[in-house]
Amino acid sequence: MPKMRNPNSPNSRYKGLDVLPYDHGLPVPDLPPVRGWSTAETEQWKQWWNSPQAARWDESYVPTVAVMLTYYGKILDGTATRDHLTEYRQLATSLGLTADGMKRLGWAFEGDVQ
């Protein structure tokens with residue numbers, strides 16, 4: 001059995017992690033009414049805003065998440081360009097929705113660090 005991580009160890013890379021709750025209980029903001037959103041986009045919006053990472057987002061993140069959702073829609077319908085894919089990956093990382101983004105932001109999921 002592997003040894004459990006100790007964030008209190010003087011050399012721990014887990015020191016100072018921001019532990020995100022799985023159930024933050026925050027409301028999902030309304031989608032911006034700038035266009036019609038597909039069912040898949042609407043469901044993805046809800047999923048992102050119900051994610052543990054969204055516990056660290058406020059209303060100022062709505063436009064950024066909406067832009068990422070636009071790229072997501074283009075990926076789904078096959079119209080995404082290389083630039084769209086690059087922007088999507090960068091936004092996902094900056095919002096902490098990737099493993100690398102979580103690491104850069106110093107975030108961990110509840111229960112992952114003991």
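Where is the place of Ala80?

1. Ala80 sits in the loop that runs between helix 2 and helix 3; helices here are DSSP runs of H or I with at least four residues, strands are E runs of at least two, and both are numbered from the N terminus. The model is predicted, so local features need pLDDT of at least 70 and side-chain atom pairs count only at pLDDT 80 or more, while totals for chains, interfaces and linings use all residues. Residues are numbered from 1 along each chain as its sequence is written, and side-chain values use heavy atoms, with hydrogens and water left out.

2. Overall layout. The protein chain holds four helices and two strands, in the sequence pattern β-α-α-α-α-β. Of its 114 residues, 35% count as buried (buried is under 20% relative accessible area, exposed is over 50%, partly exposed is in between, with a 1.4 Å probe and protein chains only). Contact means heavy atoms within 4.5 Å; among contacts between residues at least 6 apart in sequence, 61% join residues at least 24 apart.

3. Surface. The chain exposes about 7500 Å², and carbon and sulfur atoms supply 53% of that area. Accessible areas come from the Shrake-Rupley method with a 1.4 Å probe, and for residues only the protein chains shown count as cover.

4. Helix 2. This helix covers residues 62–77, and its 16 residues reach 22 Å from first C-alpha to last, close to the expected 22 Å at 1.5 Å a residue (the expected span is 1.5 Å times one less than the number of residues). Its buried residues are Val62, Val65, Ala66, Met68, Leu69, Tyr71, Tyr72 and Gly73. The cover over them includes helix 1 (39–50) and helix 3 (82–94). Just after helix 2, Gly78 has a positive phi of about 80°.

5. Core. The largest nonpolar core has 20 residues, and those with the most contacts inside it are Trp45, Trp48, Trp49, Trp57, Val65 and Met68. Such a core is a set of buried Ala, Val, Leu, Ile, Met, Phe, Trp, Tyr and Cys residues joined through side-chain atoms within 4.5 Å. Helix 1, helix 2 and helix 3 are the elements that give two or more residues to this core, and helix 2 gives the most, with seven residues. In soluble globular proteins, nonpolar side chains tend to be buried together. Leaving aside residues up to four places away in sequence, Val65 touches Trp45, Trp48, Trp49, Trp57 and Leu95.

6. Is Ala80 buried or partly exposed? Ala80 is partly exposed, because its relative accessible area is 25%. Residues up to four places away in sequence not being counted, Ala80 touches Lys74, Ile75 and Leu85. Ala80 and Thr70 are ten residues apart in sequence, with their C-alpha atoms 9.8 Å apart in space.

7. Helix 3. With 13 residues, helix 3 reaches 18 Å from its first C-alpha to its last, close to the 18 Å expected at 1.5 Å a residue. Buried in this helix are His84, Tyr88, Leu91, Ala92 and Thr93, and what covers them includes helix 1, helix 2 and helix 4 (99–105). Just after helix 3, Gly96 takes a positive phi of about 80°.

8. Thr93. This residue lies in helix 3 and counts as buried because its relative accessibility is 19%. Not counting residues up to four places away in sequence, Thr93 touches Thr98, Asp100, Gly101 and Arg104.
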